[in-house]
Amino acid sequence: MLEAGVLVNQMGAPIYWHAPPHRSSVYIPDSVELWDVVWENRSDILGFAHSHPGNGSPWPSSEDLSTFHAWEQSLGRTLRWWITTSDCVMEFRRDS
């Protein structure tokens with residue numbers, strides 16, 4: 001399973017599916033295109049969901065946590081972060 005992500009708007013609808021060609025089962029690379037979409041939609045973003053391979057309860061990696069922090073610092077607000085596995089979805093929010 002390759003990792004993929006989706007940027008979600010305030011209504012819960014997808015804004016942008018992030019599935020770059022060089023992703024792997026353990027890594028989704030950032031892209032200028034993703035950051036452009038984030039910035040263009042900054043007032044309408046609810047959060048970002050992405051997949052982790054395997055099953056069971058997913059937990060954010062250190063890279064996930066640094067990404068959460070960077071996005072929220074840039075946008076000036078807390079977002080919702082969903083991580084999925086083949087059999088589970090969990091939502092995370094950073095403490096302010």
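**Sheet pairing and helix packing**

Strands S1 (residues 5-9) and S2 run antiparallel and are joined by four bridges. The model is predicted: local features need pLDDT of at least 70, side-chain atom pairs count only at pLDDT 80 or more, and totals for chains, interfaces and linings use all residues. Residues are numbered from 1 along each chain as its sequence is written, and side-chain values use heavy atoms, without hydrogens and water.

Leu7 has Tyr16 of S2 as its bridge partner. The open sheet has five strands in the order S2-S1-S3-S4-S5, with mixed pairing. Two strands pair if DSSP finds at least two bridges between them. S2 (14-18) and S5 (89-92) are the edge strands; each has a single partner strand, so one side of each lacks a neighbour in the sheet.

H1 lies across S1, S2 and S3 (45-51), at about 170° to S2. Angles run from 0 to 180 degrees between N-to-C directions; axes are lines fitted to C-alpha atoms, for helices over the stretch in contact. H2 packs on the sheet and touches S1, S3, S4 (80-84) and S5. Its direction makes about 155° with that of S4.

The axes of H1 (residues 32-40) and H2 (residues 62-75) come within 11 Å and cross at roughly 40°. Leu34, Trp35, Val38 and Trp39 of H1 make the contact with Trp71, Ser74 and Leu75 of H2 (heavy atoms within 4.5 Å).

Methods. Helices (H or I, at least four residues) and strands (E, at least two) are DSSP runs, numbered from the N terminus.
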